[in-house]
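Subject: Structure for you to look at

Hi there,

Here is the structure I promised to pass on. Please have it open while you read, and my notes follow below.

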Amino acid sequence: MRVKVNGKEYVIPDGLTVRGMLSYFKINENFVAVERNKEIVPKKEWDNVYVCENDVFEIVTFVGGG
Amino acid sequence: MKDDLLVIGDKVFKSRLFVGTGKYATPELMLAAIEASGAEVVTVALRRMNIEGQQRTILDYLSQTRCTILPNTAGCYTAEEAIRTARLARELGLSNMIKLEVIGDAKTLFPDNEALLEAAKVLVKEGFIVLPYTNDDPVMAKKLEDIGCAAVMPLGAPIGSGLGIRNPYNIKIILETVKVPVIVDAGVGTASDASFAMELGCSGVLMNTGIAGAKDPVKMARAMKLAVEAGRLAYLAGRIPKKLYASASSPLDNLIE
């Protein structure tokens, strides 16, 4: 299915949970926060929330800053 | 200085120097500078993860330190963006502190105080420990304190400018106006700027470019550590009043003839 992640469109396998999607992208789960359609998906929900067609995700982490 | 602790919200710090983590050539250099600075609080920014490239984040490095993470909302131009960024930062699970920035102008990076206050109100209600980056404006500082900010962080000069404390009189008035810690954030260029801020009575100093942009960041980090401590000691010691004319340090009697 088609989703948008960090501003870019991707085609990912159907039926993934949020955690499944993170692992599909090989993202280190420890240091990220996930927003789905402008709503935060708390870490404890990552196994319960399924990715839907046309979902828009922001996957963020910390970078150097002042 | 053992008992001279800095309390912000429910956090207690020995060091009064907060340092940023941006603009370093390598993460190793950043870590060395943080260590030399003695800082216990480091700021970070929130950005999209590069999901196609390497996955090592700054937190892989910062986890080697014992520093408290202070995420910022740098780059946000509206209250909504800043609130959204703060919530995501908290979701990362490392800190409920937020260095709240709502920028009003790209050239000066001066804050949009109206939006800052609006965002601060929401975030305080949501339980954040809010440290707002603000103008050196005592009226604004009071408003931010009144709505529950844990500290106020007036700029000394524009971010990254190295111009030092441009309006020490306003900083002094802010210090008389609010009870929460006042931390000078932005503008510090060299050690004397940091000392000066502390001598005025500020509770701390936050800097990034002043250290990261120096030719030798590690050396400058140590200089800033000493400067903050020296300035704090001088403030606590109570400086002599300034006078126009001399007053001899040596006895005036029993001179040889």
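Let me begin with a sheet in chain B: three strands form an open sheet in the order 6-7-8, with parallel pairing. (Helices, H or I with at least four residues, and strands, E with at least two, are DSSP runs numbered from the N terminus; two strands pair if DSSP finds at least two bridges between them.) Strand 6 (97-100) and strand 8 (153-154) of chain B are the edge strands, each pairing on one side only. Strand 7 (residues 129-134) of chain B is joined to strand 8 of chain B by two bridges in the parallel sense, and Tyr133(B) stands opposite Met153(B) there.

A word on the basis. This is a predicted model, in which local features need pLDDT of at least 70 and side-chain atom pairs count only at pLDDT 80 or more, while totals for chains, interfaces and linings use all residues. Residues are numbered from 1 along each chain as its sequence is written, chains are lettered from A and ligands numbered from 1 in the order in which they are written, and side-chain values use heavy atoms, with hydrogens and water left out.

Tyr133(B) turns up again among the contacts of Glu101(B), a residue in the loop between strand 6 and helix 4 (113-125) of chain B. Is Glu101(B) buried or exposed? Glu101(B) is buried, because its relative accessible area is 4% (buried means under 20%, exposed over 50% and partly exposed in between, with a 1.4 Å probe and protein chains only). Not counting residues up to four places away in sequence, Glu101(B) touches residues including Gly66(A), Cys76(B) and Ile159(B) (contact means heavy atoms within 4.5 Å).

Strand 10 (204-207) of chain B is covered on both faces: Gly204(B) and Leu206(B) on one side, and Val205(B) and Met207(B) on the other, are all buried. Three bridges link strand 10 in parallel to strand 3 (residues 17-20) of chain B, where Val19(B) has Met207(B) as its bridge partner. Strand 9 (residues 183-185) of chain B also runs parallel to strand 10, again with three bridges, and Ile183(B) is partnered with Gly204(B).

Next, the nonpolar cores (sets of buried Ala, Val, Leu, Ile, Met, Phe, Trp, Tyr and Cys residues joined through side-chain atoms within 4.5 Å). The largest has 69 residues, and Phe62(A), Leu62(B) and Ile211(B) touch the most other members. A second, separate core has 21 residues, among them Val18(A) and Phe57(A). Beyond its neighbours within four places in sequence, Leu62(B) has contacts that include Met30(B), Val44(B) and Ile69(B).

Finally, two residues other than glycine have a positive phi. Asn54(A), with phi of about 70°, is in the loop between strand 4 (39-41) and strand 5 (56-64) of chain A; Asn54(A) counts as exposed because its relative accessibility is 53%. Asn254(B), with phi near 60°, is in the segment after helix 9 of chain B and is exposed, with a relative accessible area of 76%. For background, most residues other than glycine have a negative phi.

Happy to talk any of this through.

Best wishes
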